[in-house]
Structure formats: structure tokens, C-alpha cells
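Here is a brief report on a protein model and its ligand site. Look at the structure first, then read on.

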Amino acid sequence: MSSSITSQSSGPMLRIKAPAKINLHLEVLGLRNDGFHELAMVMQTIDLADFIEIKPKSDGLITLTTDSPELATGEENLIVKAAKLLRSRSGMSNLGAAMHLEKNIPIGAGLAGGSSDGAAALFGLNVCWNLSFTTGELIELASELGSDVAFCLEGGSKLCFGRGEKLEDIVGPDEPMSVILVKDPDMSISTPWAYELCKEVNGRKYLNNEHDFEVSRQQLRNSSWLHPLRSSNPPPLENDLENVVSSKTPSIENSLSLLRAIPGSLGAAMSGSGPSCFALFSTYKDAKYFFDQYRHKLEKHGLQIWCCPFCDEGVRLEK
Ligand code: C5P
């Protein structure tokens, strides 16, 4: 365990794993009254993770440090927001924590790194501060913090509706599928920008009432590829943001065509609002084999690359 936090003791330090997600399906159904988009998604946790060390204190101070030079560590950071939200709901203003974030998930990548960090802070501080909020209560707090935070708490394979915070279980694959994941390191995408662009391009085709939203949700729930998720009947990998965002971002088109040229994959798609893209494989063995074959080519195109199996859980205590 790293010794990045050097505060006075007031409880044992916890280390929390905060994994990334990809979207196996992302359908933009329409606009909601709150200005957000109504979504129908399938999200999947993958084994690429940040880690947060939390040292509880009783001086009312909440502090965050990180090894990432790109990240702000003040009030705007979702970890700090999560800590302050949880403390305010507890009613105990003396609660404090010194937290350190080890950042491995790229930022602004469509992989929910920030959301997972926020979820990890909620989960870890609930333990450190002995608050005993239930999972249901934590999920409610997570939904206040951001659309993907509830999913990141639960993790695994899930249907996600509403803004993304309404979760329904699906059965994950028996043998974990895996992805080759790529990201242009010089590119990050603002999620609000991606949704705004989607509204401009596709807004006229949006559904506009709850009945039609529910019909679409039911179609997704009934998709044959979901019961269970399995490589013999792989997901079609549809993402409504992909065409919209990639048409303005040539490096995403480049990533997708490089991934689609890898033999043996079940398909390729952009994750979330991009720019990360992935190729899906039946097994980790397959993915690793093609990862080793193609890594030089992908790196020669300037891409960051990872080979990650699916995981069946979200944020958790690291042993
Ligand atoms: O909830 P979150 O903070 O992750 O959302 C970031 C932004 O992405 C929102 O402010 C909104 O512009 C856009 N968004 C959306 N519809 C969603 C989720 C996000 O329009 N369901």
C-alpha cells in the first residue's frame, strides 16, 4: 500500500478499487423535462481501475491529492463532492478524510472514471465513517452526484435507464468476455458537448413521451442477445453518440477502423460519449492473443491501449 497520505491517525486506511465501464449499448431515446437525455443502455464494468486510499479523520477537513497532473482536486472533483454530500447527510460536521487518488482510467474518455471515483468515495467513506447507509441509500446519493455514479457503485452487467441511474440486473456471461480498449491520448470529449451535438443532429427524431420511452426500454429488455450475455450471440454494439461524435472527431473513426481490422473480434464500438473505443472478444485468451499481435500497430498510430476482461462488480474494498 502506498504511503501517499501522511495525516494523523483516527482510523485505519482503506484502499478502494474504482473500475471503468464500457457501453455495450447506448440508445438516446429523447429529451427529458430536466434537460437531460432519456437513455436506454447496457453498461459493463471492465478491469481497468483507479484506486482511492482513504484515511478517516475527525477534524472536519476533507482533502484530496492525486498522482494525476491533469486533475483538479478542489470542490469540483466528484470525490470531494461525494465526501461532502455523504457528510452532510450524516449530519456529523466533524467527519474528515485525507484521500489520495491513483489515476489509471483516462480522463474525459467515456469510461466513467470520474463517476467511479465518486462512487468509490461514497462506498469507502460509508465504511470509514461507520455510517451504515444502506446500498439503496448510497445509490440515491450516487444519482444526485451524476448519471453514471449509481452504475459504478453496483457494477457488473446492467441495463441502465432514465438518465442512466435506473439500474436493472442482467445475467453476465459465464466466462468473462474481454475488450481491447484504445484511446487517443491527445483527445478528451466533454459529455455535455456530445449530448448537445446529438440533440442538434438527431433531435427531430427523438421520442417525446413516456409511453414511447417504455416501448423502447421493453424492446431492449427483450433483446435476444441479453439473456444471458454470451459470446455465441454477441451484442450488436449500438451507440447513438458514435456517428454524431466521430463525424467531428477523425481520431475516433481511425480508432474504430483499426479495431475493426483485427480478426477474431465480435465487433467494435465507441464507449459512452468517447473518444475511447473497444473491440469485443469472447474470452480474455482471444483478446490477449490479438492484443499482443496488434499492439505495435495500435501504438504506432499513437493510441493508448489496454486489454481488459469484464468484471462482475463495481467499486469495492481492495484486499
Ligand atoms: O450526469 P452527468 O454529470 O454525468 O452528466 C454530464 C452531462 O451530460 C449533463 O450535464 C448533460 O449535459 C449530459 N447528459 C445528458 N443526459 C444524460 C446524461 C448526461 O444530457 N442522461
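In which helix is Ser-251 found? Ser-251 is in α8, residues 250-260. Helices here are DSSP runs (H or I) of at least four residues, and strands are runs (E) of at least two, numbered from the N terminus.

The model is predicted: local features need pLDDT of at least 70, side-chain atom pairs count only at pLDDT 80 or more, and totals for chains, interfaces and linings use all residues. Residues are numbered from 1 along each chain as its sequence is written, and side-chain values use heavy atoms, without hydrogens and water.

**Ser-251**

Ser-251 counts as buried because its relative accessibility is 17%; buried means under 20% relative accessible area (1.4 Å probe, protein chains only). Its side chain makes a polar contact of 3.2 Å with the side chain of Asp-184. A polar contact is a pair of N or O atoms within 3.5 Å; within protein, one must be able to donate a hydrogen and the other to accept it.

**Ligand site**

The shell around the ligand includes Phe-36, Leu-39, Gly-146 and Tyr-195. A residue is near a molecule if one of its heavy atoms lies within 4 Å of it.

| Residue | Protein atom | Ligand atom | Distance |
|---|---|---|---|
| His-37 | polar backbone atom | nitrogen | 2.8 Å |
| Ser-147 | side-chain N or O | oxygen | 2.6 Å |
| Arg-163 | backbone N or O | nitrogen | 3.0 Å |

Two elements give two or more residues each to the shell: β2 (37-57) and α5 (191-202). The largest share, three residues, comes from α5.

How values were computed: Buried < 20%, exposed > 50% of the residue type's maximum accessible area, 1.4 Å probe, protein only.
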